[in-house]
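Below is a briefing on one chain, shown with its sequence and structure. The points are grouped by topic.

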Amino acid sequence: KMMNAVQPKTPDAVLAALTQYGAAVGAKKMMIWEFKHAKQAISSGTYVNLYNTCRDVECTRIGKFSRCFCNHGYGKHSLKILKNKRFGKNPCGEEGCKCDNFLFMFRRPEEIGQYHLT
């Protein structure tokens, strides 16, 4: 029963629980996506991360498998680099799509820091 469950409170306790019970299904999915996006960032030389300015925290890595509200992946959006080396808008390159900038649509609560929902 979950009523008597003990929440690990130290990094060592978390590691011990992870070793004993394994990672949650959602966490495994998220880590697979993170790994794929990291490999892509290494090969392309471009690292894109979702950053929450209200909470001052990085949420998740963005890669070609990340989904936009236009329902196309980040890989379908063209990355524009401005003269000052910052990124501009990322319009969708899918034929017929009117999306003028990538807007991240999360699929898992962990991607936006809501780990307690899994």
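**Second largest pocket**

The second largest pocket is lined by Y47, V48, N49, I62, Y74, L79, R86, F87, G88, N90, N101 and F102. On a 1 Å grid over the protein atoms alone, a pocket is an open set of points with protein on both sides within 12 Å along at least five of seven lines, unlike a cavity, where a 1.4 Å probe fits but cannot get out; lining residues have an atom within 4 Å of a point. This is a predicted model, in which local features need pLDDT of at least 70 and side-chain atom pairs count only at pLDDT 80 or more, while totals for chains, interfaces and linings use all residues. Residues are numbered from 1 along each chain as its sequence is written, and side-chain values use heavy atoms, with hydrogens and water left out.

- The volume of this pocket is about 320 Å³, taken as the space filled by probe spheres set on the grid points, which are joined across faces, edges and corners.
- Its lining divides into 7 nonpolar, 4 polar and 1 charged residues. Ala, Val, Leu, Ile, Met, Phe, Trp, Tyr, Cys and Pro count as nonpolar, Asp, Glu, Lys and Arg as charged, and the others, Gly among them, as polar.

**Overall make-up**

- The chain has 2 helices and 4 strands, in the order α-α-β-β-β-β from the N terminus. These are DSSP runs numbered from the N terminus: helices are H or I with at least four residues, strands E with at least two.
- Of the 118 residues in the chain, 23% are buried. Buried means under 20% relative accessible area, exposed over 50%, and partly exposed in between, with a 1.4 Å probe and protein chains only.
- Of the contacts between residues at least 6 apart in sequence, 44% join residues at least 24 apart. A contact means heavy atoms within 4.5 Å.

**Nonpolar core and Y74**

- V48, I62, C68, Y74, C92, C99, F102 and F104 are the 8 residues of the largest nonpolar core. Such a core is a set of buried Ala, Val, Leu, Ile, Met, Phe, Trp, Tyr and Cys residues joined through side-chain atoms within 4.5 Å.
- Y74 belongs to this core and also to the pocket lining. Beyond its neighbours within four places in sequence, Y74 is in contact with V48, I62, G63, K64, S66, L79, N90 and F102.

**Helices**

- Helix α1 spans residues 11–21 and is hardly covered, with 0 buried residues among its 11. G22, which follows α1, has a positive phi near 85°.
- A17 in α1 is partly exposed, at a relative accessible area of 24%. Residues up to four places away aside, A17 touches P8 and G22; the C-alpha atoms of A17 and Q7, 10 residues apart along the chain, are separated by 9.5 Å.
- H37 sits in helix α2 (residues 25–44) and is buried, with a relative accessible area of 4%. Not counting residues up to four places away in sequence, H37 touches R61, I62, G63, K64, F65 and S66.
- G26, also in α2, counts as buried at 7% relative accessibility.

**Strands and loop**

- Strands β1 (residues 48–52) and β2 (residues 57–62) run antiparallel and are joined by 5 bridges; two strands pair if DSSP finds at least two bridges between them. Y51 has E58 in β2 as its bridge partner.
- β1 and β2 form a hairpin with 4 residues between them, and D56 in the turn has a positive phi of about 55°.
- Most residues other than glycine have a negative phi. N71, not a glycine, has a positive phi of about 75°; N71 is in the loop between β3 (67–68) and β4 (104–105).
- C97 lies in the loop between β3 and β4. With residues up to four places away left out, C97 touches C70, H72 and C92. C97 and H72 are 25 residues apart in sequence and 9.0 Å apart from C-alpha to C-alpha.
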